[in-house]
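Let's take a walk through this structure, one spot at a time. Have the sequence and the 3D view open as you read.

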Amino acid sequence: MGILHKNTILERMGETKYQKKLLVTPILDDDQIGPASIDVRLGSSIIVPKRTYVGSQDVTDPEIISQVERRLYEKIKLKYRTPFILHPSQLILGVTFEYISLPFDIFASIVSRSSWGRLGLVVATASVVQPGFKGALTLELCNMSESPITLYPGLTIGQLVFYDVPSKASKEMYKGRYDCPTEAGLPQFFKTKSDNEMSFWRPRNEGI
Amino acid sequence: MSNSTPNGSAIITKALLLLQKIKQRILQIDDTQFPTEFSSTVKNILVNVLDNLSEAPKKWDPSPTAFHRQVLQIQELVNHLERSSNDYVLWPVVNYFNSIWLELFEGGRVHVFFSQSTQHNYSIYNFSDKLFRKLNPIIPEAEIQKIIDSEIYCLQLASLEEDNIPLYANVAHEFGHVVYNRYQSDIADIWSGLNKKILEDIKNEIENEKNLQPQIKARRNKKILAILTGFIKEITSDIVGALLLGPNFFLSLYEMSWGFNNSNWYAILTPALQLIKSYPSFNFRLEGLRKIAHLDEFCSELNAYIVKHDLSTICKVPDKNFLSLALSKKDEIIVSPESDSDSVPIKKILDNKMEDIKVSIKNFQSSVSDFLIKKLSKSISNIDPSDISELILRLHQRIPPNIIPNGSVFGKPAEFPSILLAASIYRLSLLSNNNLTQQMDTINELDRIERLTGKAFEVSYIQKEFKEWKKVERNFNGNTS
């Protein structure tokens, strides 16, 4: 499994058959495509967690998780050319401006740009993008510095690195939790079968 | 009535307190969340109005009850301002329609702001006019003219349709009402050249009514004239919709007609003639638009591209059979309210004359369409069927229909009417292919199309702006290097 370099990225983006096409759209500027990555920008949809109402985010309890979704988050649609201030230790969920479509033989990972990293902005903690994924990527943006950081929708905020997947790998379509998302998404616990096992790890009335 | 009596003074004080609260409410509205600058203009006007109203008891000694009543009524306009932020309206859609408006009324001091209605209906009203009428009992006209120094309309977007993007094409019809007002005398001349016989026939029919007092005859005649004028207003607005957005408006109106009896014409009577509303049947409107929007030719060309992209099995282009309208059903007019003593006789006359009315209006449609094409030539949309097929292909691949591939990594940003049309055609096709066992899949697919279309509007809008900026920047750097 190797990292795709620029020529291969451009070749796969130029594919005419959509099943084989690597898509990152729209690309606004040539400079977004680097030697082995594509820069992505911050989109306008953000989710801001609120500190009140919910005691603790216990992901093994579906009842608490549904409360978290209802009471903990505020969805905001930013206008372009409008600043958003991310305060120290604040976490928000953003989304990429770009929509990504990966063919079954390409895997991607999203990483912070080092310039933002040096200011203390961590851009992505859940960085893996599975083959076959289609959608805008939700970004977990956290300010680890001591000073507020001003963000604007449209700024290049991260970069996508692509890897080829061996051809013997499964050609199944991506069957994850998120169906062609176009906005920042809330965590989706208890949406797939594998999450049912969480009840195993919860406290029971009888001790083990 | 002076405000010096104890009762009057109490009412004025209460009204002033309410004014203060309303002003606080307005000042808390976040300007940065307005999709266009004209919402900010409205905000400033309303703040100015409230400041002037606060001075009104000292300056102009208005009736306390009138003062209190008008202050209460101002709240309705503040509600419309509050619902004009990004929380309620899609800013890329609003910005697009705003740019059409600026083109239509270029150079004029006629503006529009967009607000979400609580009704399931689109409408447009003259905000400045409405505000003027609320202030007129309290503040002298000359003072009001200083506060409201431009003409501002409020376009209200249907509340349940905020996610039903294809129906936004109805905004163009609402613009048509303002175009009608602008060219009212020219359009009235066109209509009067075509309606002489039908008006004569109707007048004779009313005159021949035995034992009917002359004033009742005159009143019915005037009401019928108002109803017919209402029909041509709607037809004119439809034509503007079709010219601005092409087949989009036809498909949008087609979808709006679902759930209604498409052969019914409607007239809603009121004592004030200018408030009478009337609507031709959906069938009649759609059949006329089909020709003006050149729908059949467009669909035929589009179908060729759909076949080329091998999409025929998943996307059915709306041809004559798909959009078959129940034209064989006899049109009739529904006149309401039943409590109006003129409603039954007016219905009888108009039902008798329905075929002649339709012929007159069809002739009007053709003439006014030629007139409007000349007047609105800069704003007429020109959609390329090959672009639509590319965008439908993208939707089918679960990708936003935001660009037309052109061999470069950028692609050509798709235009708003093209994005809207691709989404409309694809979703109508899904709806028509749907059966009960696949309903959930269809619902999910429709939801996906809405999201992808919304994303396409946003990113293609930004891409076009960025491209323009890049051009200017390159020219600037080229000239200074």
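## A serine in a loop

Keep in mind that this is a predicted model. Start with Ser257(B), which sits in the loop that links α11 (247-256) to β4 (264-268) in chain B.

Is Ser257(B) buried or exposed? Its relative accessibility is 1%, and since buried means under 20%, Ser257(B) counts as buried. Beyond its neighbours within four places in sequence, Ser257(B) is in contact with Asn262(B), Phe282(B) and Leu286(B).

## The nonpolar cores

Now for the largest nonpolar core, which has 112 residues. Phe97(B) and Phe175(B) are the ones with the most contacts inside it. Helix α10 (residues 214-245) of chain B supplies the largest share of this core, with 13 residues. Another core, of 37 residues, lies apart from it, and its members include Ile12(B), Val49(B), Phe113(B) and Phe132(B).

Back to Phe175(B): what does it touch? Not counting residues up to four places away in sequence, the list is Phe97(B), Ile100(B), Trp101(B), Leu104(B), Phe114(B), Leu155(B) and Leu244(B).

## Two helices that pack

Two packed helices are described by the angle between their axes and the distance between the axes. For α10(B) and helix α12 (residues 282-292) of chain B, the angle is about 40° and the axes are 10 Å apart. That angle makes α10(B) oblique to α12(B), and their crossing is right-handed.

Which residues meet here? From α10(B) come Glu234(B), Ile235(B), Asp238(B), Ile239(B) and Ala242(B), and from α12(B) come Phe284(B), Arg285(B), Leu289(B) and Ile292(B). Sorted by class, this contact has six nonpolar residues, three charged and no polar ones.

Definitions and conventions: Residues are numbered from 1 along each chain as its sequence is written. Chains are lettered from A and ligands numbered from 1 in the order in which they are written. This is a predicted model: local features need pLDDT of at least 70, side-chain atom pairs count only at pLDDT 80 or more; totals for chains, interfaces and linings use all residues. Side-chain values use heavy atoms; hydrogens and water are left out. Helices (H or I, at least four residues) and strands (E, at least two) are DSSP runs, numbered from the N terminus. Buried means under 20% relative accessible area, exposed over 50%, partly exposed in between (1.4 Å probe, protein chains only). Contact means heavy atoms within 4.5 Å. A nonpolar core is a set of buried Ala, Val, Leu, Ile, Met, Phe, Trp, Tyr and Cys residues joined through side-chain atoms within 4.5 Å. Axes are lines fitted to C-alpha atoms, for helices over the stretch in contact, and angles run from 0 to 180 degrees between N-to-C directions. Angles under 35 degrees count as roughly parallel, over 145 as roughly antiparallel, 65 to 115 as roughly perpendicular and the rest as oblique. A crossing is left-handed if the near helix is turned anticlockwise from the far one by less than a right angle, and right-handed if clockwise. Ala, Val, Leu, Ile, Met, Phe, Trp, Tyr, Cys and Pro count as nonpolar, Asp, Glu, Lys and Arg as charged, and the others, Gly among them, as polar.
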